[in-house]
2 protein chains.
Amino acid sequence: MRKSRPRQSAAVPHTMTAVQAPAPAPLTLSLPEQIAAQISARITSGAYAPGQRIMEQAIAAEFAVSRGPVREALRLIEKDGLVTILARRGAQVTNLTIPEVKEIFDIRAALNGLRDRGIAEDPERHRLLPLLEAEVAGLARLARDSKRGDDYVEAVFRLNRLLTAGSRSVRLRTILGALAQQTLRYSRLGLSTEQRRRQSVRHWQELMKAIRDGDGERAQRVAERRVLDSRDAAIKKLREFAES
Amino acid sequence: MRKSRPRQSAAVPHTMTAVQAPAPAPLTLSLPEQIAAQISARITSGAYAPGQRIMEQAIAAEFAVSRGPVREALRLIEKDGLVTILARRGAQVTNLTIPEVKEIFDIRAALNGLRDRGIAEDPERHRLLPLLEAEVAGLARLARDSKRGDDYVEAVFRLNRLLTAGSRSVRLRTILGALAQQTLRYSRLGLSTEQRRRQSVRHWQELMKAIRDGDGERAQRVAERRVLDSRDAAIKKLREFAES
DNA sequence: GTCAATCAGATTGTTGACAATATGACACAA
DNA sequence: TTGTGTCATATTGTCAACAATCTGATTGAC
């Protein structure tokens, strides 16, 4: 502390009137963000196995930076739930138990419901609609034609990201973004049969209709149902794996 | 990187069978955590005003540590949403707009519903029930007697914390813990009239009944309704302030 | 007087070294 | 063989200095 500084902002009142600028969003990723993106990709792609330790030193050497930015990158990834950081033991790739996977899907169901309801009730939703319609149409095609489900899962992921990005709420975007990353691997499991993909398409089409009609409550119900069905399918598969 | 290390964990399978230990929870708070607790308290108590900048140097000097732990403490507080960190401009106390406050209450409604439903359906809930009953009884008393609403708000906060802590889901606990901190100030606004406190007590009593009966769906509905009413009351007050 | 360019000071970002702590191997006793 | 204590090593935690960037004020031109 120096001499009494003027404290530029002590005069800001405790009321909520000021509408603050909606985050500058720099076009250039900071060093920690770049590192975090790389490591995240390795985790979701499976290059780093669940439970594997991630050492600051090693990453720092690989990217030719000091441990500071790497530390911060790991904290960033922790926010997405992709790694777990233990005091004095560093970071390791998160390993989810079945009950935890269930929890995440439950939260996703509730918040996806909130998100899609918000979109259905958004007067500006017509700007988003064409994109969504196109994606859902593609989805229907993929469900019919595609042999492997990977393309379908990819499309569902894009569609979800589109909806999340379209939400007015920063917090929903943040939380859902993190949860989506965590469940990516398991959503894949839940869409591995053709029957499930058919059901999924029907849900998406229903949801689109609700959004078109501006029926928020219906959109919410459908969205919740969709995620819960995905949850049950994923859990079923997981249990099968666990037993074998 | 040294010679090829044995990679102790590369053999961990990608399945979900292993039930990992439920977080060691060290009894001693780390340095960053201690600092974060102090600053958080200053923010929720109002000692730091919304919009006020928090400088690493100053905090470091005050706690007689280097900037490293302070940096991490601020990142920790950011996770709770109490400060906003801008690239190359540091941390400042979060200043919420009215739509943002609404968003937070909406998310809280959905997740509190999930939480209370989980508790109502928890076979082990009888261990929690006596604590809850006592707190709700105290609530009813406070709603009748207390002149100022502060004690009442305090009790509601405790009750909420009790329920959140009782949830089986780590993620619900984390997210709801953060959101509760952010809305503390505004919940107070929403419970400033005696009429509202009466309504609040009725909701809590209904919720308790649903939990006792093990009626998850009902608990969920009541919990959502409670938070949404709180939301509307808080927003109403905020708008009044904004206009004056 | 208004606006833009410039510049000094303040503040965050990054670095490399050192300190504190955890991990796993080994020796030794029961 | 099993368990326990010790110790070297690996790894995270903290520090202080330096680099990069932002902020606000001052200067000068129009």
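The model is predicted.

**Chain A.** Begin by selecting chain A and colouring it by secondary structure. Chain A has 244 residues, of which 37% count as buried. Among contacts in chain A with a separation of 6 or more, 71% join residues 24 or more positions apart.

**Helices H1 and H3 of chain B.** Next, select residues 31-44 of chain B, which form helix H1, together with residues 67-79 of chain B, which form helix H3. The axes of these two helices lie 8 Å apart and pack at an angle of about 55°. Because of that angle, H1(B) is oblique to H3(B). The crossing of H1(B) and H3(B) is right-handed.

Now show the side chains where the two helices meet. On H1(B), display B:Leu31, B:Pro32, B:Glu33, B:Ile35, B:Ala36, B:Ile39 and B:Ser40; their counterparts on H3(B) are B:Pro69, B:Val70, B:Glu72, B:Ala73, B:Leu76 and B:Ile77. By class, this contact comprises 10 nonpolar, 1 polar and 2 charged residues.

**The largest nonpolar core.** Finally, select A:Leu111 and B:Leu111. The largest nonpolar core holds 78 residues, and these two touch the most other members. Centre the view on B:Leu111: leaving aside residues up to four places away in sequence, B:Leu111 touches A:Ile107 and A:Ala110 in chain A, and B:Leu172, B:Ile175 and B:Leu176 in chain B.

Technical notes. Residues are numbered from 1 along each chain as its sequence is written. Chains are lettered from A and ligands numbered from 1 in the order in which they are written. This is a predicted model: local features need pLDDT of at least 70, side-chain atom pairs count only at pLDDT 80 or more; totals for chains, interfaces and linings use all residues. Axes are lines fitted to C-alpha atoms, for helices over the stretch in contact, and angles run from 0 to 180 degrees between N-to-C directions. Helices (H or I, at least four residues) and strands (E, at least two) are DSSP runs, numbered from the N terminus. Angles under 35 degrees count as roughly parallel, over 145 as roughly antiparallel, 65 to 115 as roughly perpendicular and the rest as oblique. A crossing is left-handed if the near helix is turned anticlockwise from the far one by less than a right angle, and right-handed if clockwise. Two residues are in contact if their C-beta atoms, placed from the backbone, lie within 7 Å. Ala, Val, Leu, Ile, Met, Phe, Trp, Tyr, Cys and Pro count as nonpolar, Asp, Glu, Lys and Arg as charged, and the others, Gly among them, as polar. A nonpolar core is a set of buried Ala, Val, Leu, Ile, Met, Phe, Trp, Tyr and Cys residues joined through C-beta atoms within 7 Å. A residue is buried if 20 or more other C-beta atoms lie within 10 Å of its own, exposed if 12 or fewer, and partly exposed in between; C-beta atoms are placed from the backbone.
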